[in-house]
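Thanks for making time this morning.

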Amino acid sequence: MTVTCGIDWSERHHDVALVDEGGKLVAKRRISDDARGWRVLVELLAEHGDRPDSPIPVAIETGRGLLVSCLRATGRKVYAINPLAVARYRERHTVARAKSDHADAMTLANILRVDAACHRPLPQDSELVQAIAVLARAQQDAIWSRQQLSNQLRSLLREYFPAALTAFHVKNIGLTSREARTILQAAPTPTAAAKLTTRRLHALLRASGRQRNIATWADRLQALFSEEHLRQLPLVEEALGRQAQALLLQLDAACRAADDLADATNEAFHQHPDAAVITSFPGLADVTGARVLAELGDDRTRFADARALKAYAGAAPITRASGKSLVVHHRKVKNQRLAAAGYVWAFASLRAPGPRAHYDRRRAEGERHSSALRNTFNRLLGCLHHCLQKGVTYNEDVAFQPPSKAMA
């Protein structure tokens with residue numbers, strides 16, 4: 001008898017349902033979200049035929065958490081089913097929109113019973129690549145948080161201190177730089193900034209870690225801060241300065257977190273054997289390469305071919321055809337983290353001759369920048385899939401052959 005398991009997950013407890021190959025419920029149980037509940041689940045699975053050589057597959061609506069981690073550690077197939085897909089399956093059995101935790105657990109179990117081949121199980125990634133995924137995603141979140149706080153600070157400074165935006169609107173220097181954070185924390189208002197002497201600016205720039213062109217920077221900042229500008233009322237200006245200092249504290253914490261997580265990510269990434277293959281590609285450095293590895297994993301059976309990988313990353317287009325209508329769009333349902341890393345990767349790879357020629361050719365054919373860049377990412381993903389499967393490094397002469405040579 002083939003048995004499948006469905007688990008309706010929640011923060012405090014989980015509903016478990018086991019169904020046989022005919023769809024009949026053979027067992028159900030509500031377990032707690034702790035070690036005792038885990039033991040009950042293991043015993044329940046063992047009572048209905050779970051063996052080390054033939055574990056019962058499990059469907060659940062999340063791919064994260066302690067329960068999922070323990071299930072993956074047993075070596076069984078764990079399917080993380082999208083809640084929207086579960087809602088569609090629920091309507092196959094009832095149109096009254098009735099819902100309960102036990103019914104959802106049965107729905108998940110029946111999904112595996114009838115359509116397991118249509119869903120992808122969680123990959124059997126190594127412990128190292130799972131750790132890299134945690135660090136790389138945390139670093140990416142810190143970068144996004146840093147940018148969000150920087151945008152909030154910029155919007156605030158425009159209201160009362162536009163000279164600060166002009167002062168730090170320099171190449172490779174912005175509001176997230178150490179210079180900007182140090183000086184704005186010391187002088188968050190135009191009144192305080194106008195009182196800064198050259199000597200004080202020298203000290204602040206040195207405290208920020210700057211070592212070159214300190215005198216030039218100090219003279220430039222003093223000239224900008226002493227110019228005549230529009231001002232808010234004194235009390236309002238002081239209040240806005242307090243708000244800016246609060247944002248600066250958050251921004252400083254986000255910047256430090258992003259830097260610390262980047263160092264930890266790089267250290268873990270270089271311990272993985274796939275790092276040499278990934279960093280051989282143009283546009284992939286340590287942090288971006290770690291993000292790509294985190295989303296791809298090191299389970300070589302995860303993707304059947306390069307086409308599946310491209311669809312997962314959102315690089316391959318999607319076709320909607322009905323009758324005489326045929327529309328081709330870019331994918332919106334995709335791995336957003338991998339797609340974000342892919343945009344940076346493809347843009348940085350344009351310095352290499354092969355990707356640049358491919359991008360220019362797509363642009364010459366009438367594609368827009370985003371479409372041509374996505375197509376370049378599509379091409380690079382196919383090359384990466386091949387190199388990881390074969391264990392070879394990137395070779396531009398093979399990856400981007402001239403059109404005449406490729407046709408021959």
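In this predicted model, the centres of domain 2 and domain 3, taken over C-alpha atoms, are separated by 35 Å. Where the two domains touch, the contact takes 12 residues from domain 2 and 10 residues from domain 3. For orientation, domain 1 covers residues 3-122, domain 2 covers 131-267, and domain 3 covers 273-400.

How much area do domain 2 and domain 3 bury between them? The value is about 920 Å², and 54% of it lies on carbon and sulfur atoms. If we look at the area that domain 2 buries against domain 3, we find that Arg137, Gln140 and Asn266 supply 47% of it, which is more than any other three residues.

Side chains of opposite charge can pair when their charged atoms come close. Between domain 2 and domain 3 the count is two salt bridges, and Arg137, already named for its share of the buried area, forms a salt bridge with Glu295, with 3.0 Å between the closest N and O atoms.

Which elements give two or more residues to the side of domain 2 that touches domain 3? They are helix H5, residues 127-160, and helix H11, residues 234-269, and of the elements on that side H5 gives the most, with nine residues. By type, the residues on that side of domain 2 divide into six nonpolar, four polar and two charged.

Looking beyond this contact, a search of the whole structure finds 14 salt bridges. In one of them, the side chains of Arg30 and Asp101 meet at 3.5 Å, N to O. Arg30 lies in strand S3, residues 25-32, and Asp101 in helix H4, residues 101-115, so this pair ties together parts that are 71 residues apart in sequence.

I will finish with helix H17, residues 369-390, whose 22 residues reach 32 Å from the first C-alpha to the last, close to the 32 Å expected at 1.5 Å a residue. Just after H17 comes Gly391, which takes a positive phi of about 75°.

Conventions. Residues are numbered from 1 along each chain as its sequence is written. This is a predicted model: local features need pLDDT of at least 70, side-chain atom pairs count only at pLDDT 80 or more; totals for chains, interfaces and linings use all residues. Side-chain values use heavy atoms; hydrogens and water are left out. Domain bounds come from an automatic or database domain assignment. Contact means heavy atoms within 4.5 Å. Buried area is the accessible area (1.4 Å probe) that two parts lose on being put together, summed over both. A salt bridge is a side-chain nitrogen of Lys or Arg within 4 Å of a carboxyl oxygen of Asp or Glu. Helices (H or I, at least four residues) and strands (E, at least two) are DSSP runs, numbered from the N terminus. Ala, Val, Leu, Ile, Met, Phe, Trp, Tyr, Cys and Pro count as nonpolar, Asp, Glu, Lys and Arg as charged, and the others, Gly among them, as polar. The expected span of a helix is 1.5 Å times one less than its number of residues.
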